[in-house]
Amino acid sequence: MAKITVDGRTFEVDDSDNLLEALLGLGEDLPYFCWHPEMGSLGSCRQCAVVQYMDENDERGRVVMSCMTPVTDGAILSVQGEKASDFRESNIENLMLNHPHDCPVCEEGGECHLQDMTVMSGHKDRQYKYQKTTFNNQDLGPFIGHEMNRCITCYRCVRFYGDYSGGDDLAAFGSRGRVFFGRTEDGVLENEFAGNLVEVCPTGVFTDKTLSAHYTRKWDLQSAPAVCTGCSLGCNITVSERYGEVRRVHNRYNSEVNGYFLCDRGRFGAGYVNSDDRIPYCGIRDANGVYEATSAEDILSHLKTLLSDAKSVVGIGSPRSSLEANFALQTLVGEDNFYSGLSAVEAEIASLQLQVLNSDLKTPSLAEVEDCDAVLILGEDTTNHAPRLALSIRQAVRNEAKDLAKEARIPLWQDAAVRKLAQDAKSPLFVLTSSADRLDGIGTGIRLSSEDIALAGINIANGIDGTAEDDADIQSIVEALTNASKPLIVTGSSSACPEIVKAAVNIATALSKRNAETGLLICTDEANTLAAARLSEKPFPTTGADVAIVLENDLSLRVAGATLDDWLAQVTSLVVIDSLDNSISSRSSLVLPAATFAEAEGTYINNEGRAQRSFGAFKPKGDIAPAWDWLLRICHDQNLLTGVEQFDDLLGSIASANEDLAGAVDAAPNAAFRVHGQKISRMTHRSSGRTAIVADVSLHEPKQPEDNNSALTYSMEGTNQDSPGGMKAYTWSPGWNSNQSISKYQNEISGSAGEGTRGVKLFVDSSSQLAALETSPGGNSSAVSVVPNWHIFGSDELTNRCEAIHSLAPSPYALLNSATASKLGVKAGDALKLAAGEAPSLAVMLDDSIAEGCVICPVLEETRAYLHLPTAGDGLLVKDESWTPPADAENIISSDRSS
Amino acid sequence: MIGALISQIRTLWTVLQHTFTPADTVEYPAKPGWFGVTKNSTKVGPYLAPRYRGRIVLTRDPDGVERCVACNLCAVVCPADCIALQKTEDENGRWYPEFFRINFSRCIMCGFCEEACPTYSIQLTPDFEMCEYDRQNLVYEKDNLLIDGPGKYPDYSFYRISGMAIGGKGKGEAENEAPPADVRSLLP
């Protein structure tokens with residue numbers, strides 16, 4: 001700690017910070033541009049100037065850039081003094097010389113850091129009378145707009161894109177007044193985290209095209225703190241609505257999970273909420289097989305008789321529905337008749353994960369991943385299956401650089417210096433996958449078939465236990481892991497191979513005997529896989545029933561065609577609760593319209609066992625209701641869960657029925673929670689148009705809908721300022737309209753953003769030790785095996801329903817090396833068929849970097865169920881003789897940017 | 001006592017005097033005001049200053065294109081919250097409102113929207129004759145608001161000054177702009 005004097009007042013601050021962090025932490029309004037809490041200092045914008053004095057007798061002082069100046073004990077500073085503020089005002093005037101006078105038509109307007117800082121610095125009149133520099137823009141793809149004229153050359157974009165997230169197709173070009181940030185030519189930004197440029201850019205150079213398509217200013221958005229349902233990591237997001245549509249998703253800071261950044265699937269993938277495929281009404285199929293819309297009362301009474309007449313009822317849960325909905329369904333049908341609705345493979349992996357979480361093995365959070373100094377990835381395509389984790393792993397390999405900097409006594413916020421010093425020095429990272437991985441560039445990529453990855457894993461575990469290994473690769477992995485102070489093993493279900501996960505568990509078990517800091521992270525397919533797996537170990541029923549209730553689950557993604565058809569034939573009445581029309585709802589006899597994550601509250605348990613509460617931004621239209629609400633009403637008709645009326649009651653019954661899930665109650669404050677006696681507002685205090693929005697229909701303004709299930713309101717009444725982090729509907733602070741206002745709520749810069757932000761880790765009872773698991777990998781069999789290949793855009797069921805995401809999804813392909821191709825008797829331009837007869841054709845592409853015996857297939861709506869078949873032997877793949885390549889055959893995997 | 005009596009008499013006298021002074025109020029609309037505007041020598045209505053804050057219009061720029069860029073500043077400044085609009089853009093990137101609605105049954109004619117408008121699009125006019133028997137008719141959509149001329153500011157065109165490229169105006173063609181930089185040049 002150090003004592004510093006700021007404008008005559010003395011404070012104690014952390015001496016490992018730079019002055020800017022310290023001053024912002026003290027709540028000073030000090031303008032800055034190029035410094036970013038996560039990316040450190042660069043000193044390129046010169047905006048954060050303050051005056052530092054030698055001692056009490058120094059009257060002149062000198063201007064220093066606070067972001068480049070370490071905190072020193074006894075420092076005397078002037079922040080708001082005339083000299084410092086005059087410097088900042090003239091500096092911002094310089095930065096604004098070429099600014100194009102287009103705030104009214106800029107998507108950043110109203111939440112622009114440059115606007116805020118200009119107002120804060122006091123600059124208003126442009127005195128420069130010469131011409132403004134202009135630039136031509138580039139087309140950067142369906143997500144991000146480009147308007148270079150607005151640039152103030154702070155270099156944040158290239159530092160995030162290149163240095164932080166490892167992209168290499170965005171750079172600074174040109175010299176002097178012509179510095180240009182873009183690609184060498186028009187084209188889709190390749191990096192999976194490019195969307196963060198929208199938030200990282202302090203002005204409107206990079207803007208959100210999906211928002212611009214139905215643009216709303218920040219002050220008009222009705223927002224709620226939600227949890228992303230795009231993968232199993234549970235990143236925190238702010239989802240925002242206007243005129244009954246989801247308009248955008250922004251990052252919501254959580255120091256333990258996603259920090260300041262999201263992946264593009266999460267950020268741009270919420271558009272399915274507005275899809276035309278939404279199920280708008282309750283429906284019953286009539287005698288002619290045609291769906292008829294009915295009222296909620298009618299369908300509930302119909303369902304009541306249906307259930308009381310039924311001899312057998314089964315319920316199939318969902319890994320993408322809330323914990324509450326799964327629990328309500330389990331209660332309705334009874335524990336024995338409830339199935340998790342996972343694929344057989346995913347269920348096996350999830351049960352392994354639950355064993356790991358209930359053992360003494362350490363499961364790190366994403367923030368803890370960034371501290372790991374050796375990472376081994378076993379058969380998990382992090383970038384496409386759990387994208388935000390890949391960004392954390394990219395920071396983990398920098399620990400070597402950070403160690404070097406610490407040795408050289410360079411503070412870590414000196415970003416450029418730390419990177420220059422380290423050059424290419426990286427902490428060890430080993431990526432064992434079947435096809436090229438995006439992380440290969442920062443580590444050692446090893447290509448093996450799934451069976452061989454599992455075998456290699458067993459050998460590594462043996463190597464750690466002391467058995468000598470011949471293989472040089474395995475030897476070096478064992479050495480790196482045993483030498484590390486915080487080793488991390490990452491695995492998951494992306495290869496759909498439980499043997500790999502078992503091998504990874506064994507490595508972690510072996511390693512944690514030597515090093516208690518060993519972390520093991522298992523990624524599953526969906527946002528709430530763990531909740532579904534925790535409630536039932538049985539994935540899918542083998543026999544039919546009179547009534548089957550399917551909760552938010554497109555079973556055709558998890559159960560292969562013939563098996564599913566057989567089961568459906570044995571079901572008399574199929575009841576589906578879902579938000580989007582899919583292949584199951586189209587075969588049902590009764591459908592209930594469910595709310596999406598953007599319209600409902602729910603608890604999601606992420607892959608590290610963290611329970612987080614998600615809130616809806618708006619009330620869904622008509623009879624659409626949260627799935628848990630439908631199930632609760634059905635339960636009441638059956639005299640179940642009586643007395644449970646609201647969300648909190650339901651959560652309470654979950655806690656009393658399941659001790660290990662009790663922590664979920666504390667994931668967020670309950671509906672009775674108040675801040676200064678008020679609820680928390682979802683709208684900003686300057687939300688506009690209240691008396692005109694529905695005036696075209698009726699002048700009589702309807703009452704705002706009430707929210708009895710949470711402490712949030714669907715109105716501007718209430719408070720947002722002092723609400724706890726996990727309940728903050730949006731971030732805003734006086735003078736700070738942009739998302740940079742988050743520093744006003746953190747207890748220290750990049751620290752926790754107030755209470756309740758982090759969620760609650762469940763399964764914390766870690767007394768049991770995990771014994772080494774029995775493994776039985778197939779080994780180097782001659783059979784060809786199918787390896788699922790996840791795509792950040794296209795593999796996820798719901799986000800793929802967004803137009804922008806879908807435009808980047810691949811068509812079905814089969815990627816294999818030439819030896820495997822000749823074994824199967826195919827060549828490039830041919831096609832293969834999975835499980836002859838029913839599955840789609842896969843266009844054959846040759847790539848000799850693929851391990852022999854592997855056929856890489858994309859995880860898509862049409863292929864997914866087949867890729868999860870537990871055995872992949874001979875005869876699974878056959879040449880499709882009737883195949884004719886589509887017209888745009890060359891572009892077939894244009895978005896498969898990893899290969 | 002005497003003083004009070006005089007006061008009473010003076011009051012009566014003043015009231016009596018006003019019986020013969022011309023009225024400041026006008027029997028509107030039955031009789032046109034004596035200070036009214038004339039058209040073909042007939043008095044047609046009360047005189048209103050050009051800056052009178054009456055019925056709101058949306059104007060067009062000197063090129064005849066609608067000025068509104070759907071920036072939402074009028075809506076956010078409106079104390080009655082009676083303006084709602086939605087931005088959309090044409091194929092060349094020009095922003096304009098998809099719909100623009102003013103609920104005049106709520107409007108208080110404060111003119112803040114006009115002050116906030118960065119493009120001189122929204123303007124208040126010296127016209128207050130907009131009563132309706134049905135309140136619903138006081139909801140004006142863009143069709144009802146948009147006029148054919150530039151209103152009080154005949155010369156201003158936002159897009160000629162702003163750096164945003166639109167159809168017919170590329171980068172570097174706005175006021176005081178240099179042609180687009182050649183980013184591949186390394187010349188000093």
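Predicted model: local features only at pLDDT ≥ 70, side-chain atom pairs only at ≥ 80, totals over all residues.
Mentor: Start with two helices of chain A. A:E324, A:A325, A:A328, A:L329, A:T331 and A:L332 in helix 9 of chain A meet A:A627, A:W628, A:L631, A:L632, A:I634 and A:C635 in helix 21 of chain A.

Trainee: How do the residues of that contact divide into nonpolar, polar and charged?

Mentor: There are 10 nonpolar residues, 1 polar and 1 charged in the contact of helix 9 with helix 21 of chain A.

Trainee: At what angle do the axes of helix 9 and helix 21 of chain A cross?

Mentor: Roughly 20 degrees. Helix 9 covers residues 323-333 of chain A, helix 21 covers residues 627-637 of chain A, and their axes come within 8 Å.

Trainee: Why are helix 9 and helix 21 of chain A called roughly parallel?

Mentor: Angles under 35 degrees count as roughly parallel. The axes of helix 9 and helix 21 of chain A cross at roughly 20 degrees, so these helices are roughly parallel to each other.

Trainee: Is the crossing of helix 9 and helix 21 of chain A left-handed or right-handed?

Mentor: The crossing of helix 9 and helix 21 of chain A is left-handed.

Trainee: New topic: the two chains. How many residues of chain A are in contact with chain B?

Mentor: 34 residues of chain A contact 41 residues of chain B. On the chain A side, strand 6 (residues 132-134) gives the most, with 3 residues. That side of chain A has 13 nonpolar, 12 polar and 9 charged residues.

Trainee: Which strand of chain B pairs with strand 6 of chain A?

Mentor: Strand 8 of chain B, residues 177-180. The two pair in the parallel sense, over 2 bridges. A:T134 has B:P180 as its bridge partner in strand 8 of chain B.

Trainee: Over how many bridges do strand 11 and strand 12 of chain A pair?

Mentor: Over 6 bridges. Strand 12 of chain A runs over residues 236-242. In that strand, A:V239 stands opposite A:A224.

Trainee: Switching to A:I522. Is A:I522 buried or exposed?

Mentor: Buried, because A:I522 has 28 C-beta neighbours inside 10 Å, and 20 or more count as buried. A:I522 sits in strand 22 (residues 519-523) of chain A.

Trainee: Which residues does A:I522 touch, not counting those up to four places away in sequence?

Mentor: A:I349, A:Q353, A:V356, A:T491, A:G492, A:V501 and A:N607. The C-alpha atom of A:I522 is also separated by 9.8 Å from that of A:L357, 165 residues apart along the chain.

Trainee: Last one: loops. What is the phi of A:R46?

Mentor: Positive, about 60 degrees, although A:R46 is not a glycine. Most residues other than glycine have a negative phi. A:R46 is in the loop between helix 1 (19-25) and strand 3 (49-53) of chain A. A:R46 is partly exposed, with 19 other C-beta atoms within 10 Å.

Trainee: And where is B:N72?

Mentor: In the loop between strand 3 (56-58) and helix 2 (73-77) of chain B. B:N72 has a positive phi of about 75 degrees and is not a glycine. B:N72 is buried, with 25 other C-beta atoms within 10 Å.

Conventions: Residues numbered from 1 in each chain as written. Chains lettered and ligands numbered in written order. Contact = placed C-beta atoms within 7 Å. Helix = DSSP H or I, 4+ residues; strand = E, 2+ residues; numbered from the N terminus. Nonpolar A, V, L, I, M, F, W, Y, C, P; charged D, E, K, R; others polar. Pairing = 2+ DSSP bridges. Axes fitted to C-alpha atoms, helices over the stretch in contact; angles between N-to-C directions. Parallel < 35°, antiparallel > 145°, perpendicular 65-115°, else oblique. Left-handed = near helix turned anticlockwise from the far one by under 90°. Buried ≥ 20, exposed ≤ 12 C-beta atoms within 10 Å, placed from the backbone.
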